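Please examine the structure shown below alongside its sequence. This report describes the overall fold and then the surroundings of the ligand.

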Amino acid sequence: MRASGTVIFLLNGTACTIDFHESTPYTPTTTVLQFLRSHPQLQGTKEGCAEGDCGACTVVIASLNQQSELVVEACDSCLIFLPMLHRKALITVEHIGTPEHLHPVQKAMVDHDGSQCGYCTPGFVMSLYALHHNHPESESSREVAEDALTGNLCRCTGYRSILDAALQVHDQASMTPNDQKQTIQGLQSLQSYPLSIVSQHQKYFQPHDLQEAVKLRSMYPEAVMISGATDVALKVTKNDEVLEEIIDLSSVKPLKELKITDHYIYLGAGLSLEQVKRTVEDLLPALYETLKVFGSLQIRNLATIGGNIASASPIGDTAPILMAYDAQVELVGPQSTRLVPMREFITGYRETSMQKDEMILGFNIPIPNTQTHVKWYKISKRKDLDISTVSGGFRLELEQDATVSHISLFYGGMAAMTKNASKTEASLLGKPWSREQVELSMDIIDQDFTPISDARAEAGGRRIMARNLLLKFWTDTHA
Ligand SMILES: Cc1cc2nc3c(=O)[nH]c(=O)nc-3n(C[C@H](O)[C@H](O)[C@H](O)COP(=O)(O)OP(=O)(O)OC[C@H]3O[C@@H](n4cnc5c(N)ncnc54)[C@H](O)[C@@H]3O)c2cc1C
Ligand code: FES
Ligand code: FES
């Protein structure tokens, strides 16, 4: 399949092409928000923070999954590079209703006084549009509506009236069957080819197959790989970096693989965190709990599990819990694939054992038996849309007499990388899982970590949090 430098997508139902080889005002790292704001007729989409925190820029992206079904997702347009729209449909607030014929979600906002200054309103409306497409059932619960709106901030109206609006529209579909049919047909009509954009200052590749992706990785070892770009986009929008070489992995199908056996779940690195969340609710409940408070729905629709682990952030949320589950990382390079235990994968502050010519293919996660306790805890200043100050991914196995036969205590936010409290673990192994013993071991956590003070917490505060998480783990697991 010949690669091309022309991005093609549906813009509010009409095919739109951008040829980066021609003279165009856009670069491969122009964000979808910047693109929309450059068109006077598409300025309903607003810019607030340009870093995924406020939702003013929310748009809906529709695409076809591997079963050719329509997937409709609310996303922050400030975090999406233009080529990431390739072969997708972009739906903006201008498309869904008119002042004479408001869309049901717009009408609900009016009926419930859900808008005052109106700056946040287009973003809320697009989140509601996706919510009602994905939850058309008449009982779309308050919890589902709250989750769909955690990524949208409003500074003046207050959330009660907006939530009331969200719950009013339950019986009306967001897209009519005809709209859906046309969108599917429109998407199917877009030509399929990988992207190879070489502009004056940048190269941007979007391969379709794994072999090609691995080849590009070897050819451009300094290139920045992106999957959801929720981390990488900030380099551009916040730090004004020019990313000279980019390999966009978001269209590589093997990275989206999902396999469930009796003993393992295999998650492709390119699965979005929202897809992972939906998959693991019953099988890996602690990972599900992690993802329930990860960013916002707009972030989870873009962000991938591979991107979260590869970024090797000391406060990345999925690392402690994947370590507690004893997951393995599957890496692929030019010669072969190899498995690395998750607990050995992260080697330092934002460093991993991945070679320059490798990428993460996926994760093998053993499904624990019913006697194994796995829990995840996050302490942050807010429940939603906040990064961890301290987090913990813990695992416990007990003998019949309630002595500890296995314990793993992986902490985030306590060191330059996700790290286990090895001395504390040793102090608990073979001992009774009792409050007295846990309280003795809580003192040992100080020997395991020398946390830093930063804007989120003082070192002393972090130590107290780490101890108390262990006590909470005992409270949640003792018989
Ligand atoms: C508003 C906001 C809220 C956030 N909230 C949270 C939160 O609650 N918890 C949290 O942990 N993080 C949070 N993040 C950080 C970010 O969303 C996550 O780290 C996310 O999982 C990154 O995934 P991505 O696909 O977007 O990565 P990208 O930005 O595409 O890439 C991140 C890094 O991973 C590398 N990479 C991507 N895919 C692969 C692969 N297959 N193989 C090898 N390397 C790869 C890239 O080269 C890059 O170095 C938040 C970010 C924002 C903007
Ligand atoms: S502008 Fe705030 S989330 Fe995009
Ligand atoms: S209506 Fe003013 S910020 Fe929401």
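The following paragraphs treat the protein as a whole and then the shell around its ligand.

**Overall fold**

The model is predicted. The protein contains 19 helices and 20 strands. Its C-alpha trace spans about 70 × 55 × 45 Å along the principal axes. A compact globule of 479 residues would have a radius of gyration near 23 Å, and the protein has 23 Å, so the two values agree. Buried residues account for 47% of the 479 residues.

**The shell around ligand 1**

Which residues come nearest to ligand 1? Of the 31 residues around ligand 1, these are Gly 52, Gly 228, Gly 307, Asn 308 and Ala 310. By class, the shell is made up of 16 nonpolar, 11 polar and four charged residues.

Several helices and strands take part in this shell. The table lists the elements that each supply at least two residues.

| Element | Residue range |
|---|---|
| β8 | residues 224–226 |
| α12 | residues 297–302 |
| α13 | residues 305–310 |
| β16 | residues 359–366 |

The greatest contribution comes from α13, which gives four residues to the shell. At the level of domains, domain 1 (6–94 + 179–248) and domain 3 (257–477) each provide at least three residues of the shell around ligand 1.

Technical notes: Residues numbered from 1 in each chain as written. Chains lettered and ligands numbered in written order. Predicted model: local features only at pLDDT ≥ 70, side-chain atom pairs only at ≥ 80, totals over all residues. Rg over C-alpha atoms; globule rule 2.2 N^0.38 Å. Buried ≥ 20, exposed ≤ 12 C-beta atoms within 10 Å, placed from the backbone. Near = placed C-beta within 6 Å. Nonpolar A, V, L, I, M, F, W, Y, C, P; charged D, E, K, R; others polar. Domains from an automatic or database assignment.
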